[in-house]
Amino acid sequence: MSAAAAAGGGGGPPGMMSTAGQQRRRSGAVKRRRWGGLRQQWKLLGLFEIDQQHEFYGLTCMMKAGVAAAIQNNASAAEVSDDDFRSEVTQIHKDFTMETFAGPVFSSLRGSLGMTELEYQQSLCSDDCYLQFISNSKSKADFFLTNDKRFFLKTQNKREIKFLLANLKIYMEHLRKHPHSLLVKFLGVHRITTPHMRKKYFIVMQSVFYPDDRIDARYDIKGCEVSRWTEPAPEGSQIIVVLKDLNFEGQHITLDRQRPWFLRQVEIDTHFLRRLNVLDYSLLLAHQPLQHDERHHSLSFATLIMRTKKSVNPGSSPVHSGVAAVPGEVREDDFMCTLCMIQPQAGETSGVCTCAKHSVPGSDATELPDFKAQNRRLLPDLKNPLHVIDGPEQRYFIGIIDIFTVYSFRKRLEHLWKRLRHPGRSFSTVRPQTYCLRLCQWLQDHTE
């Protein structure tokens, strides 16, 4: 038997097997060239569809099937227990196994954000392809978006997942104390295992830049200067580029009356991260111009009531009945007392509180949550209210992401090395206290 026939695994004519082998090789080469060309194009675009020709198509199909089964397996509970934080549920599928970590906790958080399990499943598990985002991050993680761009999925290493789960309880406590926090909202943690692939951890997050239909600029801000410049996209192009600190110089985030609330919330969130000994997180920032009707709208009393109710309890809509109570929820009979306590958006005025607890001298309203301590504001009536802030002329999308980098011994050595390499310049690897204060100062200097 010829070598060609042996390689083909059969006893057919050598010439026929050789021709078949050549055809397969040519086909493979064409596919690789096509794939290579597409990858180059996608790297330019930044965002593209993961179809059947894509290397991550199989992985994203497993993600969809696994998440769908995990959601259906979740039993809604009024309150989460300590056991729920330690929960690990394994589900066996045809070609893979998926573990879901702390499922009841994340289900509770989704409910508190006014999100039903059905709409979560419809977005994550639809027949539409996921999108891959090619970022300029130094991270080796893979980034995926649901087709409607509402949720981000990101692969993480085991250390990062362990850090998140170990601190999940205090993260949830922070969101309970500060329901309008700008911290990224983690909505699920999973691990996929296949016979021929090492374990793949991934998290599901709410996208800060949603909806992104009219966004005209995106920034990743760390408050320093070394490696904080990105070449902008050519004017008029559709290329999605996330710019950095130095690209933003000479500009301001114009929030007007919202500025004190914003600076205070960033201070609260970054001091929380400082307690976790975390650094190198980013403040994501995007903006789009407000349309005429958005800039010059009057706030009716009915709209004020609706938005105040959303600001007090995002999960209080009738369609969300049965979900876990939102952190910091106010009882229905105390609801009107909050109208005069919520920070309004720019150009708006809050209602006049006429409830008995505030209108009667000497009345006791101490049972109400301390809204000043919680730093609440009047949320916009939009799809992503916790991360959207309207200024006089621009709508801003703002959130704090990438909160897994601990100031370890290795980071301390990196700090010393960068001090030698970049004398007199600011860089990202610094003590958590310095990082926190520096980012807050950057925002003080770049807001008005």
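# Close-up views of a predicted model

Figure 1. In β13, Phe397 is the bridge partner of Val388. The structure shown here and in the other views is a predicted model. Strand β12 covers residues 388–390 and runs antiparallel to β13, with 3 bridges joining the two. Together β12 and β13 make a hairpin, and 3 residues lie between the two strands. Most of β13 is covered, with 7 of its 8 residues buried.

**Figure 2. Strand β13 and strand β11.** Strand β11, residues 282–289, is antiparallel to β13 and is joined to it by 8 bridges. Pro289 is found opposite Gln394 of β13.

**Figure 3. The aromatic pair Tyr171 and Phe186.** The model has 9 aromatic pairs. In the pair of Tyr171 and Phe186, the ring centres are 5.4 Å apart and the planes meet at 55°, so the pair is tilted. An angle under 30 degrees would have counted as stacked, and one over 60 as edge-to-face. Tyr171 belongs to helix α8 (residues 168–177) and Phe186 to strand β7 (residues 186–194); the pair links distant parts of the chain, the two residues being 15 residues apart. Tyr171 and Phe186 are both buried.

**Figure 4. The aromatic pair Phe186 and Phe404.** Phe186 also forms a tilted aromatic pair with Phe404, at 5.6 Å centre to centre and with 35° between the planes. Phe404 is in the loop between β13 (394–401) and α15 (409–421), whereas Phe186 is in strand β7, so this pair ties together parts that are 218 residues apart in sequence. Phe404 is buried, as is Phe186.

**Figure 5. The cluster of Tyr171, Phe186 and Phe404.** These three residues, Tyr171, Phe186 and Phe404, make up one aromatic cluster. Phe186 takes part in the tilted pair with Tyr171 and in the tilted pair with Phe404.

**Figure 6. Lysine side chains over aromatic rings.** Lys64 has its charged end over the ring of Tyr130, at 5.1 Å from the ring centre. Lys169 is placed over the face of Phe85, and the distance to the ring centre is 5.2 Å.

How values were computed:
Residues numbered from 1 in each chain as written. Predicted model: local features only at pLDDT ≥ 70, side-chain atom pairs only at ≥ 80, totals over all residues. Heavy atoms only, no water. Phe/Tyr/Trp six-rings, centres within 6.5 Å; stacked < 30°, edge-to-face > 60°. Helix = DSSP H or I, 4+ residues; strand = E, 2+ residues; numbered from the N terminus. Buried < 20%, exposed > 50% of the residue type's maximum accessible area, 1.4 Å probe, protein only. Lys NZ or Arg CZ within 6 Å of the ring centre and 35° of its normal. Pairing = 2+ DSSP bridges.
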